[in-house]
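Let's take a walk through a protein structure together.

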Amino acid sequence: MTLITTLSLLPLSQLPEVSGGDKLHHLLAYCALMFPVALRKPAHWVWIGLLFLALSGAIELLQPLVNRYAQWSDLFANGLGLGLGLLVAIVARRYCLPAPQVDQ
């Protein structure tokens, strides 16, 4: 989250051109943020995901203060990324990780 926040609020005189599109980068960054949390599945992982979404919204609101643009579509892409990270973690837990051993 620190890296995402820093890169999102870094003042720039001109936004750089990025390959693949800005929204794809938002989606991938937040997917990478949510995936390990959803994979580990701590007690309050849903609240952690909602906190990530709230922080994403706060970043969007702060961006105009550092010569950046606040866009609803960025927030939407961030939310989709969080959802994708959750989905990938669910699939990984079901099909890629060994089943937990039950002591008898």
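Where is the place of Asn67? Follow the chain and you will find Asn67 in the loop between helix 3 and helix 4. The model you are looking at is a predicted one, and in it Asn67 has a positive phi of about 60 degrees although it is not a glycine. Most residues other than glycine have a negative phi. Lys41 also has a positive phi, near 55 degrees, and is not a glycine either. Look for Lys41 in the loop between helix 2 and helix 3. With a relative accessible area of 45%, Lys41 is partly exposed.

Now step back to the whole chain. There are 4 helices and 0 strands, so the order of elements from the N terminus is α-α-α-α. Of the 104 residues, 26% count as buried. The chain exposes about 7500 Å², and carbon and sulfur atoms supply 68% of that area. Take the contacts between residues at least 6 apart in sequence: 74% of them join residues at least 24 apart.

Let's look at helix 2, which runs over residues 22-40. At 1.5 Å a residue, its 19 residues should span 27 Å, and the end C-alpha atoms are 28 Å apart, which agrees. Helix 2 does bend, by about 25 degrees at Met34, and a proline, Pro36, follows within four residues. The buried residues here are His26, Leu27, Tyr30, Cys31, Leu33, Met34, Val37 and Ala38. An α-helix has 3.6 residues a turn, so residues three or four places apart point the same way. Look for that spacing as you trace the buried residues, including Tyr30, Met34 and Val37. What covers the buried residues of helix 2 includes helix 1 (2-9), helix 3 and helix 4.

Helix 4 can be read in the same manner. Its 24 residues, 72-95, should span 34 Å at 1.5 Å a residue, and the end C-alpha atoms are 35 Å apart, which agrees. Its buried residues are Asp74, Ala77, Asn78, Gly81, Leu82, Gly85, Ala89 and Ala92, and they pack against helix 2 and helix 3.

What lies in the largest nonpolar core? This core has 11 residues: Ile4, Tyr30, Leu33, Met34, Val37, Ala38, Trp45, Phe52, Ile59, Leu82 and Ala89. Helix 2, helix 3 and helix 4 are the elements that give two or more residues to this core, and the largest share, 5 residues, comes from helix 2. In soluble globular proteins, nonpolar side chains tend to be buried together.

Finally, turn to the charged side chains. Side chains of opposite charge can pair when their charged atoms come close. How many salt bridges does a search of the whole structure find? The search finds 2. In one, Lys23 pairs with Asp22, the closest N and O atoms being 2.9 Å apart. In the other, Lys23 meets Asp74, at 2.6 Å from N to O. Asp74 lies in helix 4 and Lys23 in helix 2, so this pair ties together parts that are 51 residues apart in sequence. Is Asp74 buried or exposed? Asp74 is buried, with a relative accessible area of 4%, whereas Lys23 is partly exposed at 31% and Asp22 is partly exposed at 35%.

Technical notes
Residues are numbered from 1 along each chain as its sequence is written. This is a predicted model: local features need pLDDT of at least 70, side-chain atom pairs count only at pLDDT 80 or more; totals for chains, interfaces and linings use all residues. Side-chain values use heavy atoms; hydrogens and water are left out. The expected span of a helix is 1.5 Å times one less than its number of residues. Buried means under 20% relative accessible area, exposed over 50%, partly exposed in between (1.4 Å probe, protein chains only). Contact means heavy atoms within 4.5 Å. Accessible areas come from the Shrake-Rupley method with a 1.4 Å probe; for residues, only the protein chains shown count as cover. A nonpolar core is a set of buried Ala, Val, Leu, Ile, Met, Phe, Trp, Tyr and Cys residues joined through side-chain atoms within 4.5 Å. The bend at a residue is the angle between axes fitted to the seven residues ending there and the seven starting there. A salt bridge is a side-chain nitrogen of Lys or Arg within 4 Å of a carboxyl oxygen of Asp or Glu.
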